[in-house]
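Grab a viewer and follow along.

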Amino acid sequence: MVSDSPGKRVGKGTVFVKVEVCKGCAYCIEFCPADCLRFSRNYNAKGYHYPVLAKPELCVGCNTCGQYCPDFAIMGMRYKDIDALEATKSAVNDDDRSGAEAPGRKS
Amino acid sequence: MNPTEIMVSDADEKDVDTSRVAPIENPVLSMLRQDRLPHIWCPGCGIGTVVNCFSRALMSSGHDMNNVAVVSGIGCTGRVAGYMNLDSFHTTHGRSIPFATGLRLANPGLKVVVFSGDGDLFAIGGNHFLHAARRNLDMLIVCVNNFTYGMTGGQVAPTTPLKSTQSTMPFGNFEPPMNLPFVADAAGASYVARWTVFHIRQLVRAMKEGMEHKGFSFIEIMSPCPTLYLRRNKLGDGVDQVRYFKEHSVLKNGANTQDVAITATDPIVVGTFVERERPTWLDSRNAQLTATLGDRFVPYGGQNVQK
Amino acid sequence: MKASPEGVLTGVHFMDGDHAACEGAIAAGCRFVAGYPITPSTEVVERFSVRIPTVGGMFIQMEDEIASSIAIQGAAWGGAKVMTVTSGPGLSLMMEHIGLAVMAEVPCVIVDVQRGGPSTGLPTLPAQADMMQVKWGSHGDYQIIALSPNSPQECFDLMIRAFNLSETWRCPVFMMMDEVVGHMVERVEIPPADQIEIVPRRWTTKKPSEYRAFEPGPDMVPDMAKAGDGYKLHITGLTHDERGYPAMNVPAQNRLVRRLSDKILKNRDKIVDVREDGCEDADIIVVSYGITSRVAGAAVEMARGLGLKVGSARMVVCWPFPDVEIARLSRKAKAIVVPELNLGQMVGEVERAACGDARVYLVDHAGGSVHEPERILETILQAARDAGLGFKTEAERS
C-alpha cells in the first residue's frame, strides 16, 4: 500500500492506493468531496488507470474514496491519525512494508 | 449520460512518493476473507461498494462477528457470502431466505443477513420472500438491484425497467418491473428502506438499523451493472449510473411504498419507508405455545441441540 | 451414545407408520422439522407439530417443499438434527436441494411416503415408483442412502437408523415408505431411551484456526462445525476445496465428487442390510423391499407349500444397492423374482448385480394397491417351469 502524496505534507490528509488491486471504476475520483483525485497516466498490471492524489493540498483524508471503493484499493487518512498510529508503533517499521505493492510504474 | 471522461493527473508521476506505507491495513479487510480477494465483480459494479458498506456497518455494530451469519443465493450478489469473513452460506438459486429461516430458528443466537440479487430474491425466490416477510422472521434482507441477471449474461429481470433491452428482451422490455419496497411492505416486512450505491453513509446506517430491528428488514440497494445492463442500453459506465443516482434521487422517509416505483422519468425515491413494530415469528410462536401449553411448553433454546 | 429420554414414548403402542416414523425421529434426537402438507405423508408433520413443543424442538410449515428441503439444511448448520417429510410431487420439488445436501455434506433425513405417479397420480394410494428418482433425481454424480421399512414398527426402528446413518456419513438419508406402510396401524414397541443407540453429530474437536470444513477423516467424512461457534464456515454448492472455497477446476471436481461417492460406496458394508430367509439352498429367490416384501412373504410360503425351494431376500437398505449380496445369491439360485410397485425400477439393479448368473423375473404393478400374492406366485411358478424345476399343482397339494 503506497501513498501517492508527495513527501511534503501540503493538505490535511492523504490517500493510500493499492495500485494492483484497482479496477479503474472512478468511483473515488467522481465522489471525492475535495475533487483531489485523478486517474494515473500509467496503467497497473491489469491495464487499468488507478487514482492518484493530483491535488494533495485539497485532500482532508476523509476516506470518502475508501468508502466507495468496490475493491478496497484506496484508503484516505488524516495526517493526525497517521501520526498517532505511527507513534504507537514506531518500533516496527520495515515489517509493514512486506505487504506493500509496487506502484504501477512499469517501463 | 456520457461515458466518463478520463481525466489524467497533471502531476508528474515522478513526484509520487512511493516510499510511505499506510500505517494500518484498510480496516474493512478484517471483515473479508482476504485469501479470496480480488473478488469477481466487474470494474464499475456496485456490489463491492455495498460489501464495503456492509463491512463498515458490521464493524460499527458492536456485534460479535462469531454470531453473524450471511446467506446468499446464486448470482453476482450471491457471491457476497463467499467474501465475508463470517459464517457464510452460498446456497441455491432463490432459496437463501428459507435456508436462513432454518439457520435462524435452529440457532436463535445468530444474527442472520441474507445478501442476494433482485432476480434471486424476487423471481425464483419471490414466494419465499413473501412468506418470510409475512412471518416477520427476524433477519435482514439486503437486495442489490442491478436491474438484470448479471451472472448469466444480462437477461430480463423482474426489475428491468420498461423499454430496456436485455438479451432475452432484445426488442425492449414490455414487462412492468416490480416495485420491491411495495411488495415487501404489502407482505408485512417491518423495516423497508431503499438506497443506492451513491448513498454510502445512509447505507451503513440502514444496514445497522436493519440488523438491530427486530423482525423482517428489507433494504433495496440500486446498483449499476456496467457490463450487461448499462452497456446494452448505452447508459455509460458504472460511475455514470452512480452519478445519475446522485442527481436523480430524492429523499422521502416514510413515503408510501405504492409511490416509489422506479420509472424512466420520475426521480428515484430513497429513504426509510417502513418501520413498524410487529411480533416476530419466534416471539409469536413462543407466546402462543406458552398461552396454550403453559408449563408443558419447552422453548427451543438450543438446549436440546447435542454438542 | 444413548437417546435422550425426553420425548421417547417408551411402551407398546397401536399406531400407524406415519406416526411411528415421527416417534422414531424424536427418539433419534430430531429437533427441527420443516414440512409442507402432502398426502399420504402429512400425518408425520402433524404429529411432530403436536409433540415437539413439549420436547424443546421446532416445527415450521414452509411455503413449499423447495423451502422445506433447504430450511432443514440451514437448521442443520445451526446445530439441529433435522428432517423433512413429503411424497412424490414434493420429492420432485426437493431435487435441487438433495444435490446441495450431498455437495455440502449436510446430515438430514427425508421421508418419502410414496404414492402413485407420475404427476399428482394417486395421492391416497401406494406405489414404490420413486426408488430411482431418489437415487438419480438430482443432477450430477452422487450417492445417497435409502431405507425401506415394511411395518410401523420398522418406521420407528429404521428412522433411528436413518438419523444415525445421516450423522455418520453426512449425506441425505431417505425413508422410502409408501401409503400402505404409512397408514397401516399395528403394534409398535418403543424401547426405553437407554436402549436406543444414537450417533451424535460429528462435531470437530479442532480449534477454528486448525479446522478445515471439508478435510475428510479416515472414513472419508469431514467433521462438522456449527454456525456461531467462531469457525467462519464457508459452505457452497459450488465445487469446493477442503476449506470450502469454490474451486472450479478438474482436479478439485475429481477429488470432491469421487470422495462424495466413495464415502458411501467404499463403506457400503457398514450400511447395507439384506434380510435373507431360506436362501441357503433355494432354487428361486424373491428379492423385495418395503410393503411388497410382506406380500412376497405370502407368495413364498405358497410356493414352498408346492414343494419349491424358494428363498426370500429383503432389501432393508435399497441404496447403496446391495449388489454384492444379490450377486452372491444369484450364483446359488436359478432364478430371482422381483416384485415391486412400479413398472420395473430396482429390478434393473438386480439384473445388473445378477450379471446373467440367474434369470431375473419382474412382477410389476402400476401402483394403487399392493400385489396379490397369487401374481407373485404365478411368476415364481413360471420361473420354476423355465428352470425345469418340478412342483406340485394346487390340486395335488389339496
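## A parallel pair in chain B

Start with R194(B), which stands opposite E220(B) in strand 8 of chain B. The strands involved are strand 7 (residues 191-196) and strand 8 (residues 216-222) of chain B, paired in the parallel sense over 6 bridges. Strands here are DSSP runs of E at least two residues long, helices are runs of H or I of at least four, and both are numbered from the N terminus. Two strands count as paired if DSSP finds at least two bridges between them.

A word on ground rules: this is a predicted model, where local features need pLDDT of at least 70, side-chain atom pairs count only at pLDDT 80 or more, and totals for chains, interfaces and linings use all residues. Residues are numbered from 1 along each chain as its sequence is written, chains are lettered from A and ligands numbered from 1 in the order in which they are written, and side-chain values use heavy atoms, with hydrogens and water left out.

## The sheet that crosses chains

That pair sits in an open sheet of 9 strands with mixed pairing, in the order 9(B)-10(B)-7(B)-8(B)-4(B)-3(B)-1(B)-2(B)-10(C). At the edges, pairing on one side only, are strand 9 (249-251) of chain B and strand 10 (234-236) of chain C. On average, neighbouring strands are turned by 20° against each other, direction ignored. Angles run from 0 to 180 degrees between N-to-C directions, using axes fitted to C-alpha atoms, for helices over the stretch in contact.

Helix 3 (residues 96-106) of chain B packs on this sheet and touches strand 1 (68-72), strand 2 (87-90), strand 3 (111-117) and strand 4 (139-145) of chain B. The direction of helix 3 makes about 175° with that of strand 3 of chain B. Touching, or contact, means heavy atoms within 4.5 Å.

Which residues of helix 9 (residues 238-248) of chain B are buried? They are G238(B), V239(B), D240(B), Q241(B), V242(B), R243(B) and F245(B). Buried means under 20% relative accessible area, exposed over 50%, and partly exposed in between (1.4 Å probe, protein chains only). Those buried residues pack against helix 1 (27-31) of chain A, along with strand 7, strand 8, helix 8 (226-232), strand 9 and strand 10 of chain B.

R278(B) is in the loop between strand 10 (268-275) and helix 10 (281-293) of chain B. It counts as partly exposed because its relative accessibility is 28%. Leaving out residues up to four places away in sequence, R278(B) touches A133(B), R134(B), R135(B), N136(B), G188(B) and K214(B). A189(B) is 89 residues from R278(B) in sequence, but 9.1 Å away in space, C-alpha to C-alpha.

## Nonpolar cores

A nonpolar core is a set of buried Ala, Val, Leu, Ile, Met, Phe, Trp, Tyr and Cys residues joined through side-chain atoms within 4.5 Å. The largest one has 75 residues, and those touching the most other members are L37(A), F54(B), L58(B), M84(B), F115(B), M207(B) and I219(B). Helix 1 (residues 47-61) of chain B gives the largest share, 7 residues. There's also a second, separate core of 66 residues, including V274(B), L282(B), M58(C) and A80(C).

Chain A has 3 helices and 5 strands, in the pattern β-β-α-β-β-α-β-α along the sequence. Of its 107 residues, 52% are buried.

Strand 3 (residues 37-43) and strand 4 (residues 49-53) of chain A pair in the antiparallel sense over 4 bridges. The bridge partner of L37(A) in strand 4 is L53(A). In this hairpin, with 5 residues between the strands, G47(A) takes a positive phi near 95°.

## The chain C sheet

Another open, mixed sheet has 5 strands of chain C in the order 11-13-12-15-16. Its edge strands are strand 11 (274-277) and strand 16 (359-363). Strand 11 runs antiparallel to strand 13 (residues 310-315) of chain C, with 4 bridges joining them, and R275(C) stands opposite R314(C).

Chain B has a mean pLDDT of 93, with 91% of its residues at 70 or more; pLDDT is the predictor's confidence in each residue, from 0 to 100. Over residues 302-307 of chain B, though, the pLDDT is below 50. Where pLDDT is low, the predicted coordinates should not be read in detail.
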